[in-house]
Amino acid sequence: MLDNRPDRLPGAREEIAITLEHVTVSYGRVENPKQVAVRDVSLEFPKNQVTALLGPSGCGKTTILRSINRMHDHTTGKVSGSIRIGDLDVYARTTQPEIVRTRVGMVFQRPNLFPTLSIFDNVVSGLRMNGVKKKEFLLEAAEAALRQAALWDSVKNRLGMPAVRLSGGQQQRLCIARALAVEPEVLLLDEPCSALDPLASARIEELIVQLSSHITIAMVTHNLFQATRISDRTAVFLLNDDNAGTLVEAGPTVDLFKAPKDPRTEAYVTGHIG
Ligand SMILES: Nc1ncnc2c1ncn2[C@@H]1O[C@H](COP(=O)(O)OP(=O)(O)OP(=O)(O)O)[C@@H](O)[C@H]1O
Ligand SMILES: [Mg+2]
């Protein structure tokens, strides 16, 4: 948020990378208003910026992230409203989920590497799923992704080692490298530092800021300090009386923390709700 790149100066024209319009996600097979996890979210994610999603447990942050790359195709979640990545209508009948996932990488709270695969095979797993077979290409892509995730130097001599032998922080960086290998334009990070010690966390934060020079990042975090340190924009979600999550306020992180428009945002960012 301290970044002073020209495209982030006040008044600069922002290109929007992800647009959510009236997005509601419900779980369960039967239409039941009680199963609405998050309701009527309209939110824009400017290109090459970090947007932090904040809010108490259960208010639908993960549910919203998952809706962006069509992960609810594999849950009972039903998504209504519209989601666009650039010009791609994510839920159009003609849009294949695989196409969405080549443009969007996701990293979860806990490293979810393929436990039996090596470091190398983990990094290139997304590319292989996309049908890439050429060894030289895979090697180049693995090196580039591991360099971006600042992991190359510590793993270059042991790419064949089972990935699960890495430390927790290194495993999380490997998950980020795996997501980067397919060269996504959007990265969805769901509490990527919550299982890490402060040093590993700081390194991931640094990495997120660097990546945001060319990738649009949506990051869920419970750490308000982390949001103020690394996000350009913040969106605050809360639970409504009917137990459905709702977007309360979104805007530049500085404004949300210093001059929130909604008293509920103020209560949340000052630690009075949650
Ligand atoms: N696969 C699922 N099936 C049914 N209900 C679900 C499923 N996933 C999430 N929910 C429900 O949707 C609501 C929102 O959950 P979600 O995981 O999105 O919250 P969250 O804001 O990410 O919470 P946390 O901060 O604890 O991770 C919760 O009531 C949760 O129980
Ligand atoms: Mg969550």
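User: Which conventions apply to the numbering and to the confidence of the model?

Analyst: Residues are numbered from 1 along each chain as its sequence is written, while chains are lettered from A and ligands numbered from 1 in the order in which they are written. The model is predicted, and local features need pLDDT of at least 70, side-chain atom pairs count only at pLDDT 80 or more, and totals for chains, interfaces and linings use all residues.

User: How many helices and strands does the protein chain have?

Analyst: Helices (H or I, at least four residues) and strands (E, at least two) are DSSP runs, numbered from the N terminus. Here the protein chain has 11 helices and 10 strands. Its radius of gyration, taken over C-alpha atoms, is 19 Å, close to the 19 Å from the globule rule for 274 residues, so the chain is as compact as a globular protein of that length. That rule is 2.2 Å times the number of residues to the power 0.38.

User: At what angle do α5 and α7 pack?

Analyst: Axes are lines fitted to C-alpha atoms, for helices over the stretch in contact, and angles run from 0 to 180 degrees between N-to-C directions. Angles under 35 degrees count as roughly parallel, over 145 as roughly antiparallel, 65 to 115 as roughly perpendicular and the rest as oblique. Helix α5 (residues 135–148) packs on helix α7 (residues 168–181) at about 130°, with the axes 8 Å apart. That makes α5 oblique to α7.

User: Which residues of α5 and α7 meet?

Analyst: Contact requires C-beta atoms, placed from the backbone, within 7 Å. A141, A142, A145, L146 and Q148 of α5 meet A177, L180 and A181 of α7.

User: How do α7 and α8 cross?

Analyst: The axes of α7 and helix α8 (residues 198–211) come within 10 Å and cross at roughly 20°. The two helices are therefore roughly parallel to each other. G169, Q172, R173 and I176 of α7 contact A200, R203, I204 and L207 of α8.

User: Which residues surround ligand 1?

Analyst: A residue is near a molecule if its C-beta atom, placed from the backbone, lies within 6 Å of it. The residues around ligand 1 include Y27, A37, K61, T62 and T63. Helix α1 (residues 61–68) gives the most to this shell, with three residues.

Key. Contact = placed C-beta atoms within 7 Å.
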